[in-house]
2 protein chains.
Amino acid sequence: MVNQELIKSLAQSSPAKIVLIVIDGLGGLPRLETGKTELEAANTPNLDRLAAKGICGLVDTVGPGITPGSAPGHLALFGYDPLRFNIGRGVLEATGIDFDLQYGDVAARGNFCTIDESGLVTDRRAGRISTEKCTELCRLLDGIAIGGVKSLVRPVREHRLVVVFRGDGLCADVTDSDPQQVGVVPKAVTALQPEADKMADIANQFAAQTKTILTGHHPANMVLLRGFSERPQFPTMSEIYKLKPAAIASYPMYRGLARLVGMEVLQTGASIEQEFMTLKQHYAGYDFFFLHIKGTDSAGEDGDFDRKVKVIEEADRALSILISMEPDVIVVTGDHSSPALLKGHSWHPVPVLLYSKWCRADRVGEFSESACLSGGLGRFPATQIMPLAMANALKLTKFGA
Amino acid sequence: MVNQELIKSLAQSSPAKIVLIVIDGLGGLPRLETGKTELEAANTPNLDRLAAKGICGLVDTVGPGITPGSAPGHLALFGYDPLRFNIGRGVLEATGIDFDLQYGDVAARGNFCTIDESGLVTDRRAGRISTEKCTELCRLLDGIAIGGVKSLVRPVREHRLVVVFRGDGLCADVTDSDPQQVGVVPKAVTALQPEADKMADIANQFAAQTKTILTGHHPANMVLLRGFSERPQFPTMSEIYKLKPAAIASYPMYRGLARLVGMEVLQTGASIEQEFMTLKQHYAGYDFFFLHIKGTDSAGEDGDFDRKVKVIEEADRALSILISMEPDVIVVTGDHSSPALLKGHSWHPVPVLLYSKWCRADRVGEFSESACLSGGLGRFPATQIMPLAMANALKLTKFGA
């Protein structure tokens, strides 16, 4: 029996509330001068108090040594094995622009590109046209209907776009049209199994119409598609945990990921404080909240140690809004580390704290990488966070008699 | 997806260098009088400095409570699940004498034995003849050719030998000729599947010829074979990690194991210092080095606590040669524990230290079993060492977007 099935068999509904705060890219590396990481340098009285009253540890989101992307990192935090639950490239791209993908939709990642008079690709990125231009051109292509299938075309950034095909009987098991090189014509999309014949045919007709419509829009006079994929049939968090879950995230990618596991996405302002106010406002309506804080990861990726410290401090201040509501279980962690010193995601395990009345507190008195090392939760896979949160909310019944 | 496949999909080549030092049987048990293990009693300023700058932990090579042999212990350190990657008895024996086994070879472990006039086995070990006698008799048998298949016969120690059959179309799936008891005739080798008919036939002809050749060499007047096996088709370390790996080991078994995972084996002198000088000499030519130190395990197996301490101190001194070359990642650990008090391999987890610029150092200030207990790597399976080393060398790309 896999873990998720076990949890599903034990989960029971109750009024107890669980709040999962994800401080994106939370873990860091120490500055040479001070020996302190971003989290250790930050002044975080609320987090430290929660750590002192709670139980701490370090999580690996995918596995030791593995640097997680945002999608596998979050899936693990939601309790989904990120090696088993796979998100296709097209779906991920749609997710990243907050597109409300339906089951049966087929999404593809697209590039505007340049072709010459003979139809050969001369630039796979159409000279990296502006996002504005991309938006304008997507509008021209949006809504193309072919044999009952509608094409929904959305801009992403610069030359990037998403095409979602919506209609009956579509199967995503087709090849890319993107040849991944210049000097050749775009490839014909072909079916990898008979059920995908219709999708291949429609994708090729879409390409033909696109070529006609974009004539005269050099350098963006053609579209290349890749990563055709369907919205994955993940069991929802309601099915597994019997929770009514809500997501609060100011960045589209995280709203999209939350939707893929069946969370309701709440409208929110962009600041951390506004996110917490959104939580307060909807507090009565749900028993699980995922609240996502993006600024830490962005600062880490920019290599800006001090800004990451400031975002952590901002999060800490806003946390008092949550603490005053006294949820039954609070979990604070990250989806991966993003040390400013490495200017990107990294493999280092992420500090986690869990506070509940029943957590069996350890002796950790502050929330930091080094303090969490000796925490009562030890070092463990992030997929275990949800079972622990459920247990601490007294939402899991006994296993076996 | 299993871990090794994941790592393979993420590995990228770079100039960064990884050095894995295996101090065989490193872990120990404390002497009653002092409460200190061999490693704790040893004066190890270099190891302690690396531990202080690096991150430490304890590894289980096969699993908690499992005492590993050298082969599974090393496979785990190289990142191969020792429960999944199996080495047949014949292959292991060939490996142990540094025999350069080719794919398609079939190796069998052999015993010289004694048979009486009626052909019944009277001593399965031929009175434990000397290694010299064994060597002389192997020379008589070496090179027997049967239907295009050549028999390569090599002495091991006392009555033990290895027979490698080399030729086309051999399959190792045959039964032993060794009856594992006296008072019976040696068994006929039989095929366990049709593809192995040829191998069975040749093994039986080999036995018949052996019997003739050894007439008059009582007590060693026959050979019993068991554990027919082929060189396993392990993915190489180059395939998995995109590394160019080299092995430095003064004992044949470890050179053999390194060869099975595709390492290049370097010629080296026998002392620890000479091994490190070999590393220095070939430093530019490879990006991964496995350096094996045998004396600790031998001392542990002999129950010689003080000698084990001395070998650890010798290793510590030689380590300064490596440190001066400033490799990107240094890992020091063992393939298992060999406490002098137990006079053999044991199940106790093995201290490990990993040093790199990006390791997120913990507060461990010395390299010892008890200090490693509170290390930042925690207690983890030895198969995770290579992914961690690769990550710290920045040789693994992000998983998922």
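Q: In which sense do strand β1 (residues 18–23) of chain B and β11(B) pair, and over how many bridges?
A: In this predicted model, local features need pLDDT of at least 70 and side-chain atom pairs count only at pLDDT 80 or more, while totals for chains, interfaces and linings use all residues. Residues are numbered from 1 along each chain as its sequence is written, chains are lettered from A and ligands numbered from 1 in the order in which they are written, and side-chain values use heavy atoms, with hydrogens and water left out. Strands are DSSP runs of E with at least two residues, helices are runs of H or I with at least four, both numbered from the N terminus, and two strands pair if DSSP finds at least two bridges between them. B:I21 stands opposite B:L291 in β11(B), and the two strands pair in the parallel sense over 6 bridges.

Q: Which residue in β11(B) is the bridge partner of B:A246?
A: Strand β9 (residues 245–249) of chain B is also joined to β11(B), by 5 bridges, and these two strands run parallel. Within β11(B), the bridge partner of B:A246 is B:F289.

Q: How many residues of β11(B) are buried?
A: In a regular strand the side chains alternate between the two faces of the sheet. Here B:F288, B:F290 and B:H292 on one side and B:F289, B:L291 and B:I293 on the other are all buried, where buried means under 20% relative accessible area, exposed over 50% and partly exposed in between, with a 1.4 Å probe and protein chains only. Both faces of β11(B) are therefore covered, and the number of its residues that are buried is 6 of 6.

Q: Which residues touch the most other members of the largest nonpolar core?
A: A nonpolar core is a set of buried Ala, Val, Leu, Ile, Met, Phe, Trp, Tyr and Cys residues joined through side-chain atoms within 4.5 Å. The largest such core has 104 residues, and those that touch the most other members are B:I21, B:F276, B:F290 and B:F367.

Q: Which helix gives the most to this core?
A: With 9 residues, the element of chain B that gives the most to the core is helix α12 (residues 305–323).

Q: What kind of aromatic pair do B:F78 and B:F290 form?
A: Rings of Phe, Tyr and Trp (its six-membered ring) pair if their centres lie within 6.5 Å, and planes under 30 degrees apart count as stacked, over 60 as edge-to-face and the rest as tilted. B:F78 is in the loop between α4 (70–77) and α5 (89–96) of chain B, whereas B:F290 is in strand β11 (residues 288–293), 212 residues apart. B:F78 has a relative accessible area of 0% and is buried. With 4.9 Å centre to centre and 75 degrees between the planes, the pair is edge-to-face.

Q: Is B:S177 buried or exposed?
A: B:S177 is found in the loop between β7 (160–166) and α7 (197–213) of chain B. Its side chain reaches the backbone nitrogen of B:L225 at 2.8 Å, a polar contact (a pair of N or O atoms within 3.5 Å; within protein, one must be able to donate a hydrogen and the other to accept it, and residues adjacent in sequence count only if both atoms are side-chain atoms). Because its relative accessibility is 7%, B:S177 counts as buried.
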